[in-house]
Amino acid sequence: MKQILITLTLVVLSSILIETAFAQVTATQSVSLTVNTVYKIATSGNPGALTVTTGSAGTDALTSVSDNSTSYSITQNFGNTVKITANLDAALSAGYTLQLNLASSKGTSAGSVDISNATSGSAVNVVTAIAKGADASQAIGYTFSALASAGTLASTSKTVTLTLTN
Amino acid sequence: MNNNAPIFDIPMLHTKHCYQNLQLRRMIFLKRFFLFAIAVFFFFCGTERTYAQVYGSASHTITVVVNTITMVSVSSGTVSMTITGTGVIAGQNQMTVANSATSLLWGVNSSLKKITAQTNLVAPLFAMKLLAVSPTQGTAAPEITLSTTATDLLTNIGRSKGSCTLQYTGVALASQGTGTDSHTITFTVAAQ
Amino acid sequence: MNVRYRHIAKGFWRLLFFGVIFSQFVRAQGVNTQQVITLQVVELNKIGINLNTVNLLIDQASFEQGQPLPAENSDGTLVWTTNGDNKKITVSSNQTSPRFTLKLIAQPENNADIAAPEITLNDNTIHDLVMGVSRRSGKCRIRLNASATLSDGVGIENHVITYTITSS
């Protein structure tokens, strides 16, 4: 009788052990991935000096100069209504004009936009309706023009801020 | 002297011959010493046998059964990853985030097992990749993209315990927008 | 619950709600990048005349005056552009001692430009033609007048007339 009891106990314990072993065959882990709103914009560098050196006799508008040596790249996942605005750190004096033209394959370029008087409080749109995703190495074009009546301009540095915003 | 005579006959011989010579006495002495030594020997040997010879005896048969044991667990039940834009390069559509903070631990006493991984998320917004890094046992499979189908994560698991680092990589495209995926990853030890 | 407390509670939840919405909005603002551009306009002075060649032919005479009639040409237009200050336009001829008389007068279109009186180009000295030229483009008609006396005889004289923008 005693041996039977012991045997039965062993069988039960063994069954429990087997169940326990099988219960650990799988393990689970909760993994969450959250993607927040991302805005990224960068430029390839600074353009070369824009120096007006010539003009035509009898014409107040001097010959403009251009630079297309730089580019910009963006990445955004916010929406399809994102835009790029541009402004200068300080407005140009009257008679000098700086135009900016940003190419875009994900949005609508506004073409050449006069940013001479665009400051932080009055930034102007240069690209609109940018779709979600990335747009790399899009050309930045600057055109600087001056009127003879504005006189000469000593070498001046201006900071152009391109803002990717909604 | 009769060598076949019983030992207890010696006193009788002693009475009969009255110890007539010294050689005979020496022989008697030696015989007595020999008898004493035998008695002492059997006394001590008999003591041991006295203890072993208890009042009964019994025997039983012990059967040790080792079943298939398989264990797998993770060091932490929760992993959270967020793509915030840090490290994202302007102009690149793909954004990634990685996490190697947790480990997978297992133990098997049978041979040729593998560990698979799968997610319960049927239609994730973003891709979730998993790689078993530096397994102490077995062979790590190339990085897998988690799906609802169990995919091999580790193979050639043998009779021992082991561990590896779980390297999760979340991949999102900027064109996919924002959102959150909540996966429940199931690791399974299966026959290979 | 007291009505006042209920209003306070409502206000709290509204504040929380709009706070969360506003924080999302603020977080959704974009990023920017900057470029430094260097602008410069150097001083430049440009001047030009539209007629490269002018022929003044004296072939008639006045019986009343008893002299050949002068020949005139007003087709020439002098244009200039300068973004400098305090400039003037001068004129000169390469003829050091011409036999015939050549006079020139500038008729500016802009009142700001001060034209000199009629200039006689009878030597190769430099004459001021237009004064007060600063930071603008300008234009003036050039009237040339060639004359000769009977005693000057006949002949051909070539003048190379040079207009120059220079500091005044």
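## Confidence of the model

Residues 15-24 of chain A keep a pLDDT under 50, and the model gives this stretch 8 contacts beyond four places in sequence. The structure is a predicted model, and such values therefore bear on how each region is read. Over the whole of chain A the average pLDDT is 90, with 86% of the residues scoring at least 70.

Chain B has an average pLDDT of 83, and 73% of its residues score at least 70. Within chain B, the pLDDT is below 50 over residues 1-14, a stretch with 8 contacts in the model beyond near neighbours in sequence.

## Interface of chain B and chain A

The contact between these two chains draws 51 residues from chain B and 32 residues from chain A. The buried area between chain B and chain A is about 3200 Å², and carbon and sulfur atoms give 56% of that area. On the side of chain B, the residues B:Ala90, B:Gly91 and B:Thr178 supply 14% of the area buried against chain A, more than any other three residues.

Several strands of chain B give two or more residues each to the side that touches chain A: strand 1 (70-74), strand 2 (78-83), strand 3 (94-108), strand 5 (127-133), strand 9 (160-173) and strand 10 (179-191). Strand 10 of chain B provides the largest share, 11 residues. By residue class, the side of chain B that touches chain A comprises 23 nonpolar, 27 polar and 1 charged.

Strand 10 of chain B also takes part in strand pairing between the chains. Strand 1 (residues 26-35) of chain A pairs with strand 10 of chain B in the antiparallel sense, over 10 bridges. In this pairing, A:Gln29 stands opposite B:Ile185.

## Interface of chain C and chain A

Here 29 residues of chain C are in contact with 50 residues of chain A. Together, chain C and chain A bury about 3300 Å², with 57% of that area on carbon and sulfur atoms.

On the side of chain C that touches chain A, at least two residues come from each of strand 1 (31-41), strand 2 (45-49), strand 5 (71-82) and strand 11 (136-147) of chain C. Strand 1 of chain C gives the most, with 11 residues. The residues on this side of chain C divide into 11 nonpolar, 14 polar and 4 charged.

Strand 1 of chain C also pairs with strand 3 (residues 50-52) of chain A, in the parallel sense and over 3 bridges. The bridge partner of A:Leu50 in strand 1 of chain C is C:Leu39.

## Sheets within chain A and chain C

Chain A contains an open sheet of 5 strands in the order 2-4-10-6-8, with antiparallel pairing. Its edge strands are strand 2 (39-43) and strand 8 (113-114) of chain A, each of which pairs on one side only. Strand 4 (residues 65-76) and strand 10 (residues 133-146) of chain A run antiparallel and are joined by 9 bridges. A:Val65 stands opposite A:Phe144, which belongs to strand 10 of chain A.

In chain C, 4 strands form an open sheet in the order 8-10-6-12, again with antiparallel pairing. Strand 8 (114-115) and strand 12 (161-167) of chain C each have a single partner strand, so one side of each edge strand is left without a neighbour in the sheet. The partner of strand 12 of chain C is strand 6 (residues 87-93) of chain C, and the two pair in the antiparallel sense over 7 bridges. Within that pair, C:Ile89 has C:Ile165 as its bridge partner.

## Salt bridges

Side chains of opposite charge can pair when their charged atoms come close. Over all chains, the structure holds 5 salt bridges. One of them joins C:Glu43 to C:Lys87, with the closest N and O atoms 2.9 Å apart. C:Glu43 lies in the loop between strand 1 and strand 2 of chain C, while C:Lys87 lies in strand 6 of chain C, so the pair ties together parts that are 44 residues apart in sequence.

Methods:
Residues are numbered from 1 along each chain as its sequence is written. Chains are lettered from A and ligands numbered from 1 in the order in which they are written. This is a predicted model: local features need pLDDT of at least 70, side-chain atom pairs count only at pLDDT 80 or more; totals for chains, interfaces and linings use all residues. Side-chain values use heavy atoms; hydrogens and water are left out. Contact means heavy atoms within 4.5 Å. Buried area is the accessible area (1.4 Å probe) that two parts lose on being put together, summed over both. Ala, Val, Leu, Ile, Met, Phe, Trp, Tyr, Cys and Pro count as nonpolar, Asp, Glu, Lys and Arg as charged, and the others, Gly among them, as polar. Two strands pair if DSSP finds at least two bridges between them. pLDDT is the predictor's confidence in each residue, from 0 to 100. A salt bridge is a side-chain nitrogen of Lys or Arg within 4 Å of a carboxyl oxygen of Asp or Glu.
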